[in-house]
Amino acid sequence: MRNEPRVAVGIMDRRPEVFGRLNGSFSANGSGPVSGPFSAKAEGKRVLLFDEANREICRSSSIKLRPSEDPTHSQARTVSEPTFTLFHVTVGNRFHWEKAEDQTFRGDLIFRTAGDGTLAAINEILLEDYLTSVISSEMSPLAPQEFLKAHAILSRTWLLAALDRKRAKGSFLPEKEPSPKGEEVIRWYDREDHDLFDVCSDDHCQRYQGITKIATKQTEEAVRETRGKVIAYKDEICDARYSKACGGITECFDTAWGERQVPYLASITDGPGLRPLIKTEGEASAWILSEPEAYCNTKDERLLEKILPDVDRETKNFFRWTIGYSRKELEEILGEKSGYDFGTLKEVIPLRRGPSARISRLKIVGSKRSMVVGKELEIRRWLSRSHLYSSAFVVKRETDRFIFYGAGWGHGVGLCQIGAAVMAARGFTTEQILAHYFSGAKTKKIY
Ligand SMILES: [Zn+2]
Ligand SMILES: [Zn+2]
């Protein structure tokens, strides 16, 4: 057993200046009480903190503002607990919904500088408080409770694994994606770690909006009832991956990322039936063009709305999907996304597939060049203006048209979100759901 850790969440990063307000009394680096509006500025290797009247409160390479202890209150959290507000926090960084808003937080506020004239505003908070906010930001309170609990465990597992990795940093080198060589582009993407804090507050890590998004009773309960629980395999905290919909069979780790076998991320059938073996192109085609019974094969719109609140209703056909391009259109997309001119596009040939039929190596044949591309995310990126739903597809040529028939949404490794929500709606428990997707792994309470 360990203690509940605190997590340092980067709210704003690489800013020359940050403005905000302390709602209550705080101490700055252990000294005198401060409250009200403030500004923080980076100057060389220091951070300078000013009050409302622009008087300097303190300067240091790192400034920690901690809510002052109120001797008249007991240990219990009260409504009058000091909070702080940060102005103009960017939400949806780099996405089309990017906007700025004011956000309020509980816990400590820390300023650190990278030494390049910019600073980061960091919220240090107890892990379970952080999780309550994350689950409230990412999940609809209307989703089935066992699904919310499974997600709370997933988020906690991801975070603790990231904290452990950060602590171990220096003792091992993270797996690097290989660089392109010759006529082959095989790459994958993983999160890079942050330097000044543990996790950021955007979708890059997990979306976190402080107490701005008030937690609902359901999401709060999901976190409280799973307090300290993670998914572990032989005492090791799991690398708990998840995606939207597997398409009926989940995928192996190495189809999407590095060349290694992760036992608890083995491929499973996402349903009560037995899965077919997919070894040949004929078998892949038969699987993708069929509509097998599977947990994620659902058209239950009311359930989907509850688990995918942000996704527009257009995206209903994720279990099996079709997209057609004219040859010219696909040539244009390929040129733009890959940066290579293929000339006249002739053929798209799958060279290697994983157990869910997702392609990890794809050969693209053009009049000017032929190339092999992988892994699954890069393939999806090259063949669509945004991203193909998945790399589990078969291509049919009709004179000057290429038609992609596909299965599933996302990399398909680990937990299938839509499948998990359907299982929860059918009465499976959180433990059963997690054991279904993470073979041989067990939930374990670590604090
Ligand atoms: Zn991040
Ligand atoms: Zn599934």
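This is a predicted model: local features need pLDDT of at least 70, side-chain atom pairs count only at pLDDT 80 or more; totals for chains, interfaces and linings use all residues.

Is the crossing of H9 and H10 left-handed or right-handed? I looked, and the H9/H10 crossing is right-handed.

**Entry 1**

Two packed helices are described by the angle between their axes and the distance between the axes, so I looked up both values. H9 covers residues 417-425 and H10 covers residues 430-437. Their packing angle is about 145 degrees, and the axes are 10 Å apart.

Next I listed who touches whom. From H9 I have Gly419, Ala420, Met423 and Ala424, and these meet Gln432, Ile433, His436 and Tyr437 of H10. Sorted by class, the contact has five nonpolar and three polar residues, with no charged ones.

**Entry 1: zinc, ligand 2**

Which residues coordinate the zinc ion (ligand 2)? I find Cys246, Cys296 and Cys416, each through SG, plus Asp270 through OD, at 2.0 to 2.3 Å. I then checked the geometry. The angles subtended by the four donor atoms run from 99 to 120 degrees, so the arrangement is tetrahedral. For reference, ideal angles are 109.5 degrees for four tetrahedral donors.

The spacing of these donors in sequence reads C-x23-D-x25-C-x119-C. Cysteine 246 sits in the loop between strand S15 (242-243) and helix H4 (253-256), while cysteine 416 is in strand S22 (residues 415-416), so this pair ties together parts 170 residues apart in sequence. I looked up accessibility for both. Cysteine 246 has a relative accessible area of 3%, under the 20% cut-off, so I put it down as buried. Cysteine 416 comes out at 1% and is also buried.

**Entry 2: zinc, ligand 1**

For the zinc ion (ligand 1) I wrote down four donors: His194 (NE2), Cys200 (SG), His204 (ND1) and Cys205 (SG), at 1.9 to 2.4 Å. The angles here are 106 to 114 degrees, which makes this arrangement tetrahedral. Along the chain the donors of ligand 1 follow H-x5-C-x3-H-C.

I traced two of them. Histidine 194 is in the loop between strand S11 (184-186) and strand S12 (199-200), and cysteine 205 is in the loop between S12 and helix H3 (217-225), so the pair ties together parts eleven residues apart in sequence. Histidine 194 is buried at 17% relative accessible area, and cysteine 205 is buried at 7%.

Most residues other than glycine have a negative phi, and most peptide bonds are trans. I went looking for exceptions.

Which residues does a cis peptide bond join? I got glycine 374 and lysine 375, with omega about -5 degrees. Lysine 375 falls in the loop between strand S19 (370-374) and helix H8 (376-382).

Then positive phi. Asparagine 29 has phi near 45 degrees, and I place asparagine 29 in the loop between strand S2 (17-28) and strand S3 (31-43). Alanine 357 has phi near 80 degrees, and alanine 357 belongs to the loop between strand S17 (345-353) and strand S18 (359-366).

Buried or exposed, or partly so? Asparagine 29 is partly exposed, at 39% relative accessible area, whereas alanine 357 is buried at 0%.

Terms used. Residues are numbered from 1 along each chain as its sequence is written. Chains are lettered from A and ligands numbered from 1 in the order in which they are written. Side-chain values use heavy atoms; hydrogens and water are left out. Donors are N, O and S atoms within 2.8 Å of the metal (3.2 Å for Na, K and Ca); water is not among the atoms, so sites may look incomplete. Four donors count as tetrahedral if all angles lie between 85 and 135 degrees; four count as square planar and six as octahedral if opposite donors are over 155 degrees apart and all others between 65 and 115; anything else is irregular. Helices (H or I, at least four residues) and strands (E, at least two) are DSSP runs, numbered from the N terminus. Buried means under 20% relative accessible area, exposed over 50%, partly exposed in between (1.4 Å probe, protein chains only). Axes are lines fitted to C-alpha atoms, for helices over the stretch in contact, and angles run from 0 to 180 degrees between N-to-C directions. A crossing is left-handed if the near helix is turned anticlockwise from the far one by less than a right angle, and right-handed if clockwise. Contact means heavy atoms within 4.5 Å. Ala, Val, Leu, Ile, Met, Phe, Trp, Tyr, Cys and Pro count as nonpolar, Asp, Glu, Lys and Arg as charged, and the others, Gly among them, as polar.
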